[in-house]
Amino acid sequence: MDFIISKFNYWIYIVLMMIGFYAMISKSNLVKKLVGMNIFQTAIILFFISIGSKKGATIPIIQDSHVDAVNSALYMNPLPHVLMLTAIVVMVSTFGVAVALLIMIYRKYKTLEEDEILQILRNEKWPNTH
Amino acid sequence: MEIISSIKPLLAVIVSLIAAFLILLTGERARNLREFWTILASVIKFTIVFSMVSPIREGKVIEYTVISISPGLSLQFRADALGILFALTASFLWIITSFYSIGYMRSLNERAQTRYFACFAIALSATMGVAFSANLFTTFLFYEIITLSTYPLVAHKETPEAIRGARIYLTYLLGTSIAFLLLAIFMTYTVAGTLDFSDNGILIDTTAMGVSDTFLTITFILFMAGIAKAAMMPLHSWLPAAMVAPTPVSALLHAVVVVKAGVFVVVKVVIHIFGIDLLTKLGLGTALAYFSSFTIIIASIIALKQDNLKRMLAFSTISQLSYIILGAALLKPSSMVGGIIHITNHAFSKITLFFCAGSIYVSAHKTEISQLSGIGKKMPWTMAAFFIGSLSMIGVPPTAGFISKWYLAVGSMEAKEIPILVVLLFSSVLNAAYFLPITYKAFFEKENHTDHHEEVKEIPVVVIPLVITAIISILVGIYPDYFLTLAKEVIR
Amino acid sequence: MAEHSLILIIVIPLMASCFNILLGLFRRGFCYPLVIATLSLCVILSIFIMDGVINNGVIHYRLGGWAPPWGIEYVVDHLNAFVMTIISFISLFVAVYSKRSVEAELPGRTVYFYTVFLLLVTGLLGITVTGDVFNLYVFLEITSLAGYALIAIGRDKALLASFNYLIMGTIGACFYLLGVGYLYIATGSLNMADLGRLLPDLYHSKVVLVAFAFFAVGVAIKMALFPLHVWLPDAYTYAPSTVSALAASTMTKVGVYVMIRIMFTVFKPNFSAEMLPVTEILGWVASGAMIFGCILAIAQTDVKRMLSYILIAEVGYIVIGVSVTNRMGFTGALLHILFDAFMMACLFMVAGVVMHKTGKTSIHGFRQLHRRMPITMAAFTIAALSVIGVPPTAGFFSKWYLVLGAIYARKWIFAGMLLLSSLLAVVAFFRVIENIYFAPSCHAHDRVGQEGIVRDEAPLSMLVPLLTMAAGILILGFFSGKIVSAVIQFTVPEGF
């Protein structure tokens, strides 16, 4: 029990990630897949944010600039947070591309269910079999 | 052994490659010019090869390194007695076949003649490459080019039957060479550290280095299985399948160039990779000898049952090729000479027989043996040549076949392998049993009413080549010294 | 100057891509020359960098002047320079080739196409210069995003294929990112060289093991390593011909490059030997890729799709060379990266030409095409023979090193697999070649006469890059020894 509680941030990220993963793999609705992907990515952001934090530490803005030696235990690690800024940009662009794709798919097939689209494609390929 | 460095082997290879390029460039528009390239290239090639004969007869070796790619891989030529014997035969027969081809293709008004002549030229280039290769890599390279350049020739007619034949052809030749031959080359390289042919065999020292006999045996088996061009049973089926090709292809390529390249590589592997001593020690020579004896007998028996003339000749080729392998496998000087000399002797005789089959097809449109009754009266030259070729196959003096059989028989005595001697004799009987009835049928049987020979006439441009090769088959039998000196040079 | 060329090779295509869209609003015809000029510049820069690396050793560039391991550092050694040169060369030739096919397949959208095209090249080149694992992630995603967009503009199922690729690609990228996170937890560093120094003491840490596992899966998805290849065939089949040619020849290769970097620079060769049977697993996975890729290729009726499966097998070849962890195998893998880039570019370009001329790429559509386009089909045959590994084409020489690598590692089974997959490739390719040269034409009226079929060769802008690739395949093999001694021998990780 202690194992779970003391590392609760990891457990949350794992659970979130699995939820997202499940949605991406098993849902046939493309929007749901996309939502799953977003949850998946958010889980990773959470993971990175949480590894930068420390108990009793504050935001890494050093006010006393004359102090030469900084006690790093007093400040959170800013690097993972900064990394996540970049990662969020990447993820937003991925999301953007994905949504654009979905719009085009919807315009073309008038549906966002993967199996229906596949059915339509099959009928297109063999139009005169029946 | 004196080594001369000369670019001549490379020139012999390249000359017909250039010709192939010119042929493709000329195309169907100027047929005479296109055929001129073929003839010119064949004559130049023969001249180059011939100019190399006299130094080699004196015991010298001509070497030329084109490019050294990386350790173990270098494109290198080395013309020795064995190579020159093969190259001389092939390049000389190419001249004759070129004339024959032109006559054959034009009188049948065949399609895609440009591709035909171009592929033919490339195949001859690659043959010179195999003949003059100084290491296994060069051999393998040209071996594969032979396969690929003759594949379009087998599929030439583009009928479903031809495509199927070509498919079998490719599966056997390319398949075995990649699966077995290449693997064997890799194994050789891993233990020997080199691929260059050497006089005593490059694997001779490996047993001292701790390479197990099993490893060497497996390598040898892989070599033999990989060289399917030698048409040893059970990897022979591609040769009958390749008979869908036009007859000049069957004549030069599938009786001389391709198959002889196969047995040539076998002999090279026996002498220069493993070496006679190692094979004797491992007992693999005797095993190979019995294996090839099996092929000799079985192929002859199958040939007995064939009605299609070209198929019968194909099985006869399979049987005769194994003579050469047998000669090498007995590992005795006389048998070696017999095997090597048979490369040349069989070439002249078998090409005669194929030319005859082609001539019959062009003039009378007959392909089956049963249709040949009485055809000798209409086509006396052709059938006379066929008779001479048959005699040589059986090994009747004074034809060429007798010389090689004599040496093989002596070799088998030297090796104290009496069963092999019996095999040789029995196979001669079988050869007689399937060749002589054809001549009898052609000259002495009355023609059937269903077969119309009335309008049959021999075409000079087709008949002259086959008469020439028939005469040479006899001349080689009467004056065997020229080739014998070369053959003896190999095992010296 | 030499160190600035590292940043220039990314900035130039990136800027050109932005500039391209502005220029396109003004004059559409300017885009193509701009792309060619940009990529030519990249080629020159990459040769310059390669020259610098060969003569003066590794080149470093500190982004913004921050010293590593805190700042992002661009590092180019022989391996980077090798892959970078391949990418810039291939993308230049694909760009030259693209003119007619883009005009035909994407009328009115050429401006956007070239913008994204340049972004893709930027991403690919970025991956090869960076020495920072997180920066690599960013470039990986730039490449992939550009790839999704380019694939989506293809025909038929392209949209759906692209979306599936996006989902799979994102999973791969996220796994990679997780790997970065775990390594950061363990070491507090993101610089590859720094990680390489810090990690060996931590090999027994579970965190490091997990990081490696995430990296492996993430990169395997990106480079379509069997059995994580499922996104690839659809994506490359329906993508526009130009995109298939570029993506097939470069994107998977860059994936392999990332794998090599992670396995041998970030982690060291002894990691796989001591901790996990990574190389063993990788070898078997790669064997699976070779065999199944070729078998599935045989089962296809569409040539582009068949080539996609061949590509999966080719990735297997490269990975098997890496997996045997010896000098020979590694050399073979790198040679195969080079040769396979040429082969795949050539084959997909031919498929593009056929698409351009006949509107379809089914195997039956190839019937008797040698009459219409003899030169193109000759190029196809050369590339096909190279994939099979027939000398003297380049494919034989890389396979030579690969098989020897497997044998030296005492992995006879892998050597057998390599040869077996060559045999399967024979079947796959000769199905097409037979159709090209010998099969009777599918239309009865075509048989009327040989003169009835008009010579209808591909336009020069397609033919020249295509023939360059084919010539490369024929010639490069003979220089493999030189390439190895000049570049590749320095890329082999220590301890091989």
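In this predicted model, chain A and chain B do not touch, and their nearest C-alpha atoms lie 29 Å apart. Two pairs of chains are in contact, and of these chains A and C share the most contacts.

Chain A itself has a secondary structure of five helices and zero strands, so that, with helices counted as DSSP runs of at least four residues, its pattern along the sequence reads α-α-α-α-α. Among the contacts in chain A between residues at least 6 apart in sequence, 48% join residues at least 24 apart.

The contact between chain C and chain B draws 35 residues from chain C and 35 residues from chain B, and the area buried between them is about 3000 Å², of which 78% comes from carbon and sulfur atoms. On the side of chain C, the residues that lose the most area to chain B are C:Trp400, C:Leu419 and C:Phe438, which together make up 25% of what that side buries.

Polar features also cross this interface: four residue pairs of chain C and chain B are in polar contact, and one salt bridge is found, in which the side chains of B:Arg167 and C:Glu434 meet at 2.5 Å, N to O. Several helices of chain C each supply at least two residues to the side that touches chain B, among them helix 16 (374-388) and helix 18 (412-437), but helix 17 of chain C gives the most, with nine residues. That side of chain C divides into 23 nonpolar, seven polar and five charged residues.

Definitions and conventions:
Residues are numbered from 1 along each chain as its sequence is written. Chains are lettered from A and ligands numbered from 1 in the order in which they are written. This is a predicted model: local features need pLDDT of at least 70, side-chain atom pairs count only at pLDDT 80 or more; totals for chains, interfaces and linings use all residues. Side-chain values use heavy atoms; hydrogens and water are left out. Contact means heavy atoms within 4.5 Å. Buried area is the accessible area (1.4 Å probe) that two parts lose on being put together, summed over both. A salt bridge is a side-chain nitrogen of Lys or Arg within 4 Å of a carboxyl oxygen of Asp or Glu. A polar contact is a pair of N or O atoms within 3.5 Å; within protein, one must be able to donate a hydrogen and the other to accept it, and residues adjacent in sequence count only if both atoms are side-chain atoms. Ala, Val, Leu, Ile, Met, Phe, Trp, Tyr, Cys and Pro count as nonpolar, Asp, Glu, Lys and Arg as charged, and the others, Gly among them, as polar.
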